Amino acid sequence: MSDMTTRFAEIVGAHNLLTGDAVPDDYSHDEELTHPPQKPAYVAKPATAEEVAQLLMAASESGTPVTARGSGTGLSGAAIPRPDGLLISFERMNAVLEVDTTNQVAVVQPGITLTELDAATADSGLGYMVHPGELSSSVGGNVGTNAGGMRAVKYGIARHNVVGLQAVLPTGEIIRTGGKIAKVSTGYDLTQLIVGSEGTLALATEVIVKLHPRLDHAATVLAPFADLDQVMAAVPMVVASGLGPYILEYIDNMTMAALVHTQNLELGIPDSVRDSCQAYLVVGLESRTAERLDQDVERAGELLAEAGAADVYVLEGASARKLIEAREKAFWTAKAIGADDIIDTVVPRGSMPKFLAATREMALAAGGAAAGCGHAGDGNVHLAILCPDHDKRKKLMSDIFALAIELGGAISGEHGLGRAKTPYFLKLEDPAKVALMHRIKRSFDPAGILNPDVLFAEP
């Protein structure tokens, strides 16, 4: 056994350390499409923050690169380890430590999955409302990527729902940030600095998340439109109406066809309507009472008709659930249709028509295609990029990201940069901002061990 193997085994126990051929393939990748799997030299499974601290101290002293892993469902390659590195898996740190109904928060460990947290909070009538497409993802992964999902239009992203952390610095120091409090104006907000940092600054070992009331009545309104511009014109009408949708999604016709085929959806839309429309708007509404929900659904239908919808369909029960589940599985659908890459660019909501039209034209000019769906309520565009020529695809994606930034947006809205998008970030972002981020990184991580291929790696 090497010196580092012995040291890591002393910290977590020999049965919680994997090396060499004992490392399963699953630890070598996340769900990002373009980077090859890469096994780490070591996989450690700590059970406490103190064990995480000791692992990071040992790694800092030896210069061993460290990658954190929750469920491995990320889409940017941030969980792909170095071949000479240590992967810290939080699978054993997966407890709900407290459900505090008075303060409407839960205190959880980072390895808890969203499905497990949802079940643990169900009896309280409250829930954690950050729902990215994959509910087997972990809360720690939510923290790392600043996850969002379809409900962000009403409930916000992880940044709005994580109010406190216990985190371990690469130096081995354990800190607490924030807490069970609604606001704080005392020094720098370290919670929000760590949220979205993709495991490059510190590793969260406890997370305090907001809980929201679960509403008993919900319905989904589906409206096909002749073109995407009409969809985007309808979005601000719905937002300004006071209906407070918890889902506000657009789906282009190519993606809807793929969802219907791969997920066996029966939406009751006549062929004549389906063939004539170019995009759909999905509006999810919820309420405390059935009567109020009916009123809101009726008003939503009126607004969508005024905006030019070809028709309006109200989905309830199983049909509504299947459509939302299919939308959540859009990434798997993109894989099924042979996507070469995926992006989750975000632009101001009002710029979505221009961005999407330009993206389609750029993809066609490159000999490929860009199809997708997205969170119309917050400008987050999810596109499957079909362009098998590597060089043309890289140029196409760089042009798409550059346009998003020009329109006031950003490369990623919720997946993070990871290994996959870091080269574009370094090419397109303001060098002064990158330099400032690098100085922050060095303050947290002087040895440079945490996820060294993310944010600051060379293209």
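Biologist: What makes β17 and β18 a strand pair in this model?

Modeller: In this predicted model, strand β18 (residues 380-386) runs antiparallel to β17, and 7 bridges join them. Pairing requires at least two bridges, so β17 and β18 pair. One of the bridges links His 375 to Asn 380 in β18. The hairpin of these strands has 4 residues between them, and there Gly 379 takes a positive phi near 75°.

Biologist: How do you know that β13 and β17 pair as well?

Modeller: Strand β13 (residues 247-252) and β17 share 3 bridges in the antiparallel sense, against a requirement of at least two. Ile 251 has Cys 373 of β17 as its bridge partner.

Biologist: Why is strand β17 called largely enclosed?

Modeller: A residue is buried under 20% relative accessible area. In β17 (residues 369-375), 6 of the 7 residues are buried, so the strand is largely enclosed by the rest of the structure.

Biologist: What makes domain 1 and domain 2 neighbours in contact?

Modeller: The domain assignment places domain 1 at 3-89 and domain 2 at 96-213. Contact requires heavy atoms within 4.5 Å, and 15 residues of domain 1 are in contact with 16 residues of domain 2. The area buried between them is about 1100 Å², with 67% from carbon and sulfur atoms. Ala 49, Leu 56 and Thr 73 supply 34% of the area that domain 1 buries there, more than any other three residues.

Biologist: Which polar links and salt bridges are counted between domain 1 and domain 2?

Modeller: The count of salt bridges is 0, while 3 residue pairs are in polar contact across the interface. Helix α2 (residues 49-62) gives the largest share of the side of domain 1 that touches domain 2, with 7 residues.

Key: Residues are numbered from 1 along each chain as its sequence is written. This is a predicted model: local features need pLDDT of at least 70, side-chain atom pairs count only at pLDDT 80 or more; totals for chains, interfaces and linings use all residues. Side-chain values use heavy atoms; hydrogens and water are left out. Buried means under 20% relative accessible area, exposed over 50%, partly exposed in between (1.4 Å probe, protein chains only). Domain bounds come from an automatic or database domain assignment. Buried area is the accessible area (1.4 Å probe) that two parts lose on being put together, summed over both. A salt bridge is a side-chain nitrogen of Lys or Arg within 4 Å of a carboxyl oxygen of Asp or Glu. A polar contact is a pair of N or O atoms within 3.5 Å; within protein, one must be able to donate a hydrogen and the other to accept it, and residues adjacent in sequence count only if both atoms are side-chain atoms.
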